[in-house]
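Hello,

I am passing this structure on to you, and I hope you enjoy looking through it. Please open it first and then read my notes below.

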Amino acid sequence: MSAVLQNNAPAAPLVRLQNLNKHYGDFTAVDDLSLDIQEGEFLTFLGSSGSGKSTTLSMLAGFETPSSGAINVAGRSLLRVPPHQRDIGMVFQRYSLFPHLSVRDNIGFPLDIRKLGAAERNQKVDAMLRLVQLEAFAHRRPAQLSGGQQQRVAIARALVYEPRILLMDEPLGALDKKLREDLQDELRQLHRRLGITIVYVTHDQEEALRLSQRIAIFSHGRIVGLGSGYDLYQNPPNAFVAAFLGNSNFLRVTARAQAHCDFEGQELAMRPTTGIKPNQELLLMLRPEKLHLLSPEQAATTPMPAGWNEIPARIGEALFLGESQSCTLRTAGGTPLMVKSLAHAQGLQPGQVVRLRWAASDACVYTEWNDADLSKAAAH
Amino acid sequence: MLLTPNALGWRLRGGLLLVTGAIAAVLLLPIVFIVLLSFGSSQWLVFPPPGWTLKWYQQFFSNPEWMQAALASLKVALLTTLVSVALALPCAFALVRGTFPGRKTLYAFFTLPMIVPLVVIAVAIYALFLRLGYTGTLLAFVVSHVIVALPFALIAIINSLKLFDRSIEDAAVICGASRLQAIYRVTLPGIWPGVFAGALFAFLVSWDEVVLSVMMASPNLQTLPVKMWATLRQDLTPVIAVASTVLIGLSLLVMLAAALLRRRQPRSR
């Protein structure tokens, strides 16, 4: 949880999803999902396609009806409120601008539907055009705009009627990387200036980390991780999140005591973990940048701090990546590992045996995991 | 392009030109002949005409029977267009957007009149309307024409609706428009070229329909093609050539208007 959210914690959430389910025949798209969204928060649904994130967003917008469960906004149930009366703004992946209307009339559309007076309407549309810096394009048709400009029109159209919640369904997915990053910065600034609640859907974890205060990681219709990007990365609640978000190394170990375990016949220190039994199988997770790579000579001359571990490993491949260096290794027992470091160790040869060190407190300990989830680590 | 004419030899190009020309001639010459004959002075539709005259046009336009038939054709065609589009629009929405079982069967059912021989449909409708006492009425003409015109209108509208990104309509809904408002203000303007094409097809199908019309006609109410057919059986007057020219002329006019309208449509999407 970020500091901002902890301050808000006592307040009632703006959006409350309770035990939400959505079935399509035998397929469960959303599985008993509960989530609170705070007012003014930027929350991202992150997951691969088919994980239920878009379906959940669709139910919030009102385009899909939950099979069961409750959706409350500001204490009021939305289940019987049709989408056009929910007072929610939404930005779609393919911009979805009205092709026969000018930029100005696209942005004015929600106000025209609400039968606002001409003066007020034009004033609000002008303000939006300024906000998204498209004054010069007001009279163009959507087809005459670039993708980035079209998406800015879509954002203006979704904000002009001042909804409490803005939903964004992979809004930058169709843009190239540079433009996407520019618009991400714009979005973050927009959120800060307007204080609006944003629920954002993406499958791009970098985008989720850049934008959001909190991230909800979706898998098979459930939220398997919820928290700030920092917390989810540093202390993933489970092996799936660890494998999904960023790169990770997994060590299969056997518990010896509360803070000790065996890895390939070697004793390691680990985070004190309650409720584990001796000889229980455990999983240690280490981020690649938490591992320190030392040559045998360096290891011999550098004393190891207390609470650190050291294991030998053989170098498979060393890659120079500009700002960093990445190195794949394999332990004597065959466990694949990956190390990422900013420092450049010269002369690393494939096949060379080196020493890996890490602080025991940097390794997460899992008592339960699904082996299939770990393979995602290799896919990165 | 795989077959750019420049890449072909002149011999091949010449051959291609010849074949294309021959096909075009086979398709177009009868029309050209009929139009020329309508201006010919011979009473026996002799080609080439011995001289030129407008007297057949004068006969055509001063004969109340021909005028009534032309007017009836126009009325039937316009009503058929209206009814076909009015039916095809909700049909298209149901078939494209709906998730109910049997959609494919329903679609096949709606397009069946394109496959079933016209005579079969004509006889069936005739038998029904004869029993109901509707033959010779405007209703009989419009209903029978709608049956054969509807598939054309439906296919044109379905195709444009399938191409229309549904999230644009959803965007209008989330902006505060009810589903009907969104369809009226956003989707219909978006699929308008398809609706227009559908209307055009429906009009043209009805405008030169003869098989059904012959069955539906009565001495009091007959369309232009029926009147032509009836006249043709009595004598081969060049007035028929005039009627044909009028039929072709209006069809051409409608298609020209459509082409112009389409050009005025700004390229969207």
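Before we start, one definition: a residue is called buried if 20 or more other C-beta atoms lie within 10 Å of its own, exposed if 12 or fewer do, and partly exposed in between, with the C-beta atoms placed from the backbone. A word on where things come from, too: this is a predicted model, in which local features need pLDDT of at least 70 and side-chain atom pairs count only at pLDDT 80 or more, while totals for chains, interfaces and linings use all residues. Residues are numbered from 1 along each chain as its sequence is written, and chains are lettered from A and ligands numbered from 1 in the order in which they are written.

**Chain A**

Let me begin with chain A. Its 380 residues are 39% buried, and its C-alpha trace spans about 80 × 45 × 40 Å along the principal axes. You will find 11 helices and 20 strands in chain A; helices (H or I, at least four residues) and strands (E, at least two) are DSSP runs, numbered from the N terminus. I call two residues in contact if their C-beta atoms, placed from the backbone, lie within 7 Å. Of the contacts in chain A between residues at least 6 apart in sequence, 66% join residues at least 24 apart.

Domain bounds here come from an automatic or database domain assignment. For chain A that assignment gives domain 1 (3-241) and domain 2 (242-292 + 307-379), and the C-alpha centres of domain 1 and domain 2 of chain A are separated by 37 Å. Where they touch, domain 1 of chain A gives 10 residues and domain 2 of chain A gives 12 residues. On the domain 1 side, helix H8 (229-234) and helix H9 (239-244) of chain A each supply at least two residues, with the largest share, three residues, coming from H9(A).

For residue classes, Ala, Val, Leu, Ile, Met, Phe, Trp, Tyr, Cys and Pro count as nonpolar, Asp, Glu, Lys and Arg as charged, and the others, Gly among them, as polar. By that count, the side of domain 1 of chain A that touches domain 2 of chain A has seven nonpolar, three polar and no charged residues.

Some local details in chain A are worth a look. Helix H2 (residues 53-61) of chain A is mostly covered, as nine of its nine residues are buried; among them are A:Lys53, A:Thr56 and A:Leu60. Just after H2(A), A:Gly62 has a positive phi of about 105 degrees.

Positive phi also turns up in residues other than glycine. A:Tyr95, with phi near 65 degrees, sits in the loop between strand E6 (88-91) and helix H3 (103-113) of chain A. A:Tyr95 has 25 other C-beta atoms within 10 Å, so A:Tyr95 is buried. A:Asn279, with a positive phi of about 70 degrees, lies in the loop between strand E13 (266-269) and strand E14 (281-286) of chain A. Is A:Asn279 buried or exposed? A:Asn279 is exposed, because 9 other C-beta atoms lie within 10 Å.

**Chain B**

Now to chain B, where the assignment gives domain 1 (5-38) and domain 2 (63-264). The C-alpha centres of these domains of chain B lie 31 Å apart. Their contact takes five residues from domain 1 of chain B and six residues from domain 2 of chain B. The domain 1 side of that contact in chain B has four nonpolar, one polar and no charged residues.

Within chain B, helix H3 (residues 64-97) packs against helix H6 (residues 138-163) at an angle of about 40 degrees, with their axes 6 Å apart. Axes are lines fitted to C-alpha atoms, for helices over the stretch in contact, and angles run from 0 to 180 degrees between N-to-C directions. Angles under 35 degrees count as roughly parallel, over 145 as roughly antiparallel, 65 to 115 as roughly perpendicular and the rest as oblique, and H3(B) and H6(B) are therefore oblique to each other. By class, the contact of H3(B) with H6(B) has 23 nonpolar, three polar and two charged residues.

**Where the chains meet**

Finally, the contact between the chains takes 20 residues from chain B and 20 residues from chain A. On the chain B side, H7(B) gives the most, with seven residues.

Best wishes
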